[in-house]
Amino acid sequence: MTHESILVLDFGGQYNQLIARRVREQNVYAEVLSYTTPLSEIKEKGYKGIIFTGGPNSVYDPASPSYETGILELGIPVLGICYGAQLMAHLCGAPVKTAPVSEYGKTEILVDDHEGLLQYVALPEYGRDVTGCDLPEHTVMWMSHTDYIAAPPEGFRITAHTADCPVAAMENPDAGLYAVQFHPEVMHSKEGSKIIRSFVRDICGCTGDWQMDSFIETTVAQVREKVGNGRVLCALSGGVDSSVAAVLLSKAVGKQLTCVFVDHGLLRKNEGDEVEQVFGPDGSYDLNFIRVNAQQRFYDKLAGVEEPEQKRHIIGEEFIRVFEEEAKKIGAVDFLVQGTIYPDVIESGLGKADVIKSHHNVGGLPDYVDFKEIIEPLRLLFKDEVRQVGLKLGIPDYLVFRQPFPGPGLGIRIIGEITPEKVKMVQDADAIYREEVAKSGYDKRINQYFAALTNMRSVGVMGDHRTYDYAIALRAVTTDDFMTAESAKLPWDLLEKVTSRIVNEVEHVNRVVYDLTGKPPGTIEFE
């Protein structure tokens with residue numbers, strides 16, 4: 001490890017990425033690995049601390065994810081969260097049972113001990129009351145469990161409880177073991193960040209050496225060493241991730257880099273021309289820029305395909321094939337650069353974890369790629385960290401903070417089969433939506449918004465005539481890290497205006513709906 005590092009050991013929890021993100025907020029690097037990772041590999045990496053994630057299983061079920069007890073004896077501090085707390089108790093021989101009362105949502109936590117992990121949490125504001133009795137030391141945390149630790153293991157002390165959970169938090173400082181039944185990583189936990197800080201900084205002794213300046217310096221040096229005199233081809237989509245990757249590589253290898261922009265016909269309205277204006281010969285950057293218009297090629301490959309994962313794989317493979325062809329035109333190219341980021345890697349499947357969705361540049365890659373090596377300089381970063389790198393590199397704000405756009409483009413914002421006619425429908429609807437949101441000023445308040453074309457057709461009435469046309473779904477979310485998200489509460493008059501314009505201006509659309517689903521249980525994109 002070149003940086004202090006915390007291991008997030010994933011036992012199938014939905015918040016594993018969020019835990020890593022909260023650790024990085026303390027300027028400490030964190031990586032997520034599956035619980036199937038061998039203990040020998042964990043020993044070799046020199047982690048400063050380990051965090052067990054939550055998970056949907058019961059630790060007393062023999063089929064549930066587990067780990068060898070040796071991980072608790074490495075001399076490295078371990079924090080168990082929810083299922084991770086129960087697993088720690090189970091490995092230490094304590095009883096874990098079905099809880100008499102399940103706890104879900106915001107729950108009042110009573111702190112019994114401020115000596116260790118909870119040292120900054122629920123500190124009474126006024127000391128003692130007029131009778132001289134200690135005031136209740138409580139806070140609110142997010143609970144989500146049906147099992148509970150019935151009694152702490154030998155050597156542990158209880159540090160917090162709730163009305164229904166006798167062991168809401170426990171610790172054995174001598175062994176370096178800490179556990180909380182609640183989820184300090186989610187935003188609903190009032191003082192959760194204090195717990196993460198206490199574990200990472202105070203208990204694990206991390207100083208916080210994970211900084212964007214050092215990341216850029218280290219990455220540039222590593223890329224130069226890897227590339228040497230080789231030639232590099234960058235897959236430039238014009239989105240935040242690939243743009244930052246391109247500028248970072250340009251800083252590292254200069255004219256050895258060629259950027260290829262593939263217009264696959266699944267971009268937002270006029271976006272291909274806008275990308276060329278920024279990165280092309282007349283743009284702001286001194287890049288070898290090539291635009292490939294491959295719209296019909298992608299439409300032909302996707303004809304008749306409805307299954308989302310199949311669409312992603314087709315788009316991913318065709319991207320690579322186009323890049324290979326362009327590489328041959330410009331001569332021998334050794335390396336391919338992609339703007340893959342950490343959520344792409346995790347959501348595409350980690351160990352035995354479920355694949356949420358294959359990202360076109362991870363799970364969508366073909367088995368054979370005709371390049372010496374693929375370089376992914378942003379692979380370890382979350383979206384907000386990518387933006388920090390972009391700002392440090394001098395990329396203008398309007399590019400760094402542009403609306404996120406997935407690599408497969410509108411291919412995953414069109415439910416079912418993709419056709420040029422459907423692409424035009426969603427492009428026009430999305431342009432109207434983005435225009436009206438910008439006019440209202442809400443583009444500064446929400447993190448991602450777009451229009452998608454559903455596969456639903458329904459009866460409508462327009463001009464006294466019966467119609468049977470498609471429904472457009474509008475999506476807008478607020479999020480800190482794109483790992484979890486909530487639907488944005490847009491003004492009703494704004495939604496009405498957008499709806500009116502879409503049904504009047506976009507052909508073959510007679511209905512508009514607004515998606516209120518959060519992430520989880522949904523994802524931000526539709527497919």
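## A guided tour, stop by stop

Select Ser243: leaving aside neighbours within four places in sequence, it is in contact (heavy atoms within 4.5 Å) with Leu236, Gly238, Phe279 and Ile395. Ser243 sits in helix α6, residues 240–253. Helices (H or I, at least four residues) and strands (E, at least two) are DSSP runs, numbered from the N terminus. At a relative accessible area of 4%, Ser243 is buried. Buried means under 20% relative accessible area, exposed over 50%, and partly exposed in between, using a 1.4 Å probe and protein chains only.

Before moving on: this is a predicted model, in which local features need pLDDT of at least 70 and side-chain atom pairs count only at pLDDT 80 or more, while totals for chains, interfaces and linings use all residues. Residues are numbered from 1 along each chain as its sequence is written, and side-chain values use heavy atoms, with hydrogens and water left out.

**Past the end of α6**

Go to Gly254, in the loop between α6 and β11 (257–263). Gly254 is partly exposed, at 32% relative accessibility. In sequence, Gly254 and Leu287 are 33 residues apart; in space, their C-alpha atoms are 8.1 Å apart.

Next, select Asn270, in the loop between β11 and α7 (271–279). Asn270 is not a glycine, yet its phi is positive, about 65 degrees.

Asn27 is another stop of this kind: not a glycine, but with a positive phi of about 60 degrees. Find Asn27 in the loop between α1 (16–24) and β2. With a relative accessible area of 26%, Asn27 is partly exposed.

**Aromatic rings**

Now show the aromatic side chains. How many aromatic pairs does the structure hold? There are 10 aromatic pairs. Rings of Phe, Tyr and Trp (its six-membered ring) pair if their centres lie within 6.5 Å; planes under 30 degrees apart count as stacked, over 60 as edge-to-face and the rest as tilted.

Zoom in on Tyr29 and Trp210. Their ring centres are 4.8 Å apart and their planes stand at 50 degrees, so the pair is tilted. Tyr29 belongs to strand β2 (residues 29–34) and Trp210 to the loop between α4 (192–203) and α5, so the pair ties together parts that are 181 residues apart in sequence. Tyr29 and Trp210 are both buried.

Switch to Tyr433 and Tyr449. Here the ring centres are 5.8 Å apart and the planes are at 80 degrees, so the pair is edge-to-face. The pair links distant parts of the chain, 16 residues apart: Tyr433 is in helix α13 and Tyr449 in strand β15. Both are buried.

Then select Phe11, Tyr35, Phe52 and Tyr83, which form one aromatic cluster.

**Helix α13**

Select residues 420–440, helix α13. At 1.5 Å a residue, its 21 residues should span 30 Å, and the end C-alpha atoms are 30 Å apart, which agrees. The expected span is 1.5 Å times one less than the number of residues.

Colour the buried residues of α13, among them Val423, Met425, Val426, Ile432, Tyr433 and Val437. Charged ones to pick out include Lys422, Asp428, Asp430 and Glu436. What covers the buried residues of α13? The cover includes α8 (295–302), β15 (448–462), β16 (465–478), α14 (492–505) and β18 (509–514). Gly441 follows α13, with a positive phi near 85 degrees.

**α5 against α11**

Select α5 (residues 212–227) and α11 (residues 383–392), which pack at about 75 degrees with their axes 10 Å apart. Axes are lines fitted to C-alpha atoms, for helices over the stretch in contact, and angles run from 0 to 180 degrees between N-to-C directions. That makes α5 roughly perpendicular to α11. Angles under 35 degrees count as roughly parallel, over 145 as roughly antiparallel, 65 to 115 as roughly perpendicular and the rest as oblique.

Show the side chains of the contact: Met212, Asp213, Phe215 and Ile216 from α5, with Glu385, Gln388, Val389 and Lys392 from α11. By class, this contact has 4 nonpolar, 1 polar and 3 charged residues. Ala, Val, Leu, Ile, Met, Phe, Trp, Tyr, Cys and Pro count as nonpolar, Asp, Glu, Lys and Arg as charged, and the others, Gly among them, as polar.

**Last stops**

Thr159 is in strand β7, residues 157–161. Thr159 is buried, at 1% relative accessibility.

Finish in the segment after β18, at Pro520. A cis peptide bond joins Lys519 to Pro520, with omega about -15 degrees. The bond from Pro520 to Pro521 is cis, with omega near 10 degrees.
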